[in-house]
There are 2 protein chains.
Amino acid sequence: MAGSEPPPPLSPALTRNQGLVLDLLRTVGEPLGAYAILDRLRSQGLRAPAQVYRALDRLAALGLVHRLETRNAFVACTRGAHPPQVTVFVLCDRCGAARELADDGHTAALAALARRAGFQVLGGRIELRGLCGRCGRMAASESPDDEDPGP
Amino acid sequence: MAGSEPPPPLSPALTRNQGLVLDLLRTVGEPLGAYAILDRLRSQGLRAPAQVYRALDRLAALGLVHRLETRNAFVACTRGAHPPQVTVFVLCDRCGAARELADDGHTAALAALARRAGFQVLGGRIELRGLCGRCGRMAASESPDDEDPGP
DNA sequence: GGCGGAACCGTTATATTATAACATAACATT
DNA sequence: AATGTTATGTTATAATATAACGGTTCCGCC
């Protein structure tokens, strides 16, 4: 139909839906559930969960997004290409932020530990929960109560 | 065998529903979803998901069962009392078995790593997926195909 | 011996997350 | 053009999890 070609944001080798989902996650920077993604992409024409899940499956297989199992949410990878699963996530209980850290060899060491028990490791990602720096300081200094992080 | 020796099952301080769920998980030995637990306890009078989830919440808080985030399933703890989360799970993709291993200090080391990034760790459990010894051998020797573990 | 509170219980209803299944469209390769 | 492959759009449904309500039991206590 109309000559509508959105060239700038989309990453190459990705289909339209995959590009939309990846762009959104990169822009937002924090974890989003599949239905939150869907809601934000309705204006771009997405209508059904399956469309989002399919795009997420592909992006995850490419290592461009990671699934956070403890939150049932998805986040764009913030480290360049990295060998499969050499990454640790830390997730803030208070503000929901997710941060991806280099795992410093722990995943490999854990795989070796498992192997000693006769188990062959094929995957797995480490997710730790707690408080990010900002929320930790607020919780410690202000008082032992619960508030949203301010502006 | 029968006699009158029920020493392993019911833990003290548990309510009826909690005891039923814990016994079931201990007997089965492998991870079960909440609805699978419910189905197997209908004969004991349980009827609604909330009953199972409540029992599981309490048992998890006591450290008697663990939740496997990557499977949305629950498994009885196989190691005696242990400090919070000093445990690694390895989960077999093929037969579904779960095994709990001592973490050899990795969780603590990871917490230290996170702390260096300004993050205060409050919890988290490591789950690795792959093949257990038995399934790994079958996959390697027999052929590169997919069968259920024998009877 | 009756009164509050706490913890658990059972139940219904609903929210949230994820897949199945199927027909169509787009595109590259023959 | 016929074909195979991949992605798409759509509907329906499965699987997992929680909210909300009222009732019961038990325990401490005055």
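Predicted model: local features only at pLDDT ≥ 70, side-chain atom pairs only at ≥ 80, totals over all residues.
Reader: OK, on to the largest nonpolar core. Which residues have the most contacts inside it?

Author: Those are A:Ile126, A:Leu128 and B:Ile126, in a core of 26 residues. Both chains contribute: strand E3 (87–92), helix H4 (106–116) and strand E6 (126–131) of chain A each supply at least two residues, and so do strand E3 (87–92), helix H4 (106–116) and strand E6 (126–131) of chain B.

Reader: What is B:Ile126 in contact with, leaving aside neighbours within four places in sequence?

Author: From chain A, B:Ile126 is in contact with A:Leu110 and A:Ile126. From chain B, the contacts are B:Thr87, B:Val88, B:Phe89, B:Thr107 and B:Leu110.

Reader: Switching topic: how many cavities of 30 Å³ or more are there?

Author: The count is one. The largest cavity has a volume of about 60 Å³.

Reader: Which residues line the largest cavity?

Author: From chain A you get A:Glu69, A:Thr70, A:Arg125 and A:Glu127, and from chain B there are B:Glu69, B:Thr70, B:Arg125 and B:Glu127. By class, that lining has six charged residues, two polar ones and no nonpolar ones.

Reader: Let me stay with B:Arg125. Where is it?

Author: B:Arg125 is in the loop between strand E5 (120–123) and E6 of chain B. The C-alpha atoms of B:Arg125 and B:Glu69 are separated by 8.8 Å, though these residues are 56 apart along the chain.

Reader: Why does B:Arg125 count as partly exposed?

Author: Because its relative accessibility is 23%, and partly exposed covers what falls between under 20% (buried) and over 50% (exposed).

Reader: What about A:Gly124, buried or exposed?

Author: A:Gly124 is buried, with a relative accessible area of 14%. You'll find A:Gly124 in the loop between strand E5 (120–123) and E6 of chain A. A:Gly124 and A:Val86 are 38 residues apart along the chain, with 9.3 Å between their C-alpha atoms.

Reader: Now pockets. What volume does the second largest pocket have?

Author: About 410 Å³ of space lies in that pocket. Its lining has 20 residues, and the ones nearest the centre are A:Arg67, A:Glu69, A:Arg125, B:Thr70 and B:Arg129. Helix H3 (49–61) and strand E1 (65–68) of chain A give two or more residues to the lining, as does E6 of chain B.

Reader: How do the residues of that lining divide?

Author: Nine are charged, six nonpolar and five polar.

Reader: Can we look at helix H1 of chain B? Why does its length agree with what you'd expect?

Author: Helix H1 of chain B covers residues 16–28, and at 1.5 Å a residue its 13 residues should span 18 Å. The end C-alpha atoms are 18 Å apart, so the two agree.

Reader: Which residues of H1(B) are buried, and what covers them?

Author: The buried ones are B:Gln18, B:Gly19, B:Leu20, B:Val21, B:Leu22, B:Leu24 and B:Leu25. Their cover includes helix H2 (34–41), helix H3 (49–61), strand E1 (65–68) and strand E2 (73–76) of chain B. Just after the helix, B:Gly29 takes a positive phi of about 80°.

Reader: Which residue other than glycine has a positive phi in chain A?

Author: A:Asp104 is one of them, with a positive phi of about 60°. Most residues other than glycine have a negative phi. A:Asp104 is in the loop between strand E4 (98–102) and H4 of chain A, and it is exposed at 57% relative accessibility.

Reader: And B:Asp104, what is its phi near?

Author: The phi of B:Asp104 is near 60°, a positive value. B:Asp104 is exposed too, with a relative accessible area of 57%.

Reader: Last one: where is B:His66 found?

Author: B:His66 is in strand E1 of chain B. It is buried, with a relative accessible area of 3%. From B:His66 to B:Glu100, 34 residues apart in sequence, the C-alpha to C-alpha distance is 9.9 Å.

Note on methods. Residues numbered from 1 in each chain as written. Chains lettered and ligands numbered in written order. Heavy atoms only, no water. Core = buried A, V, L, I, M, F, W, Y, C linked by side-chain atoms within 4.5 Å. Buried < 20%, exposed > 50% of the residue type's maximum accessible area, 1.4 Å probe, protein only. Helix = DSSP H or I, 4+ residues; strand = E, 2+ residues; numbered from the N terminus. Contact = heavy atoms within 4.5 Å. 1 Å grid on protein atoms, 1.4 Å probe; cavity = no way out; pocket = protein on both sides within 12 Å on 5 of 7 lines; lining within 4 Å. Points joined across faces, edges and corners; volume = space filled by probe spheres on them. Nonpolar A, V, L, I, M, F, W, Y, C, P; charged D, E, K, R; others polar. Expected span 1.5 Å × (residues − 1).
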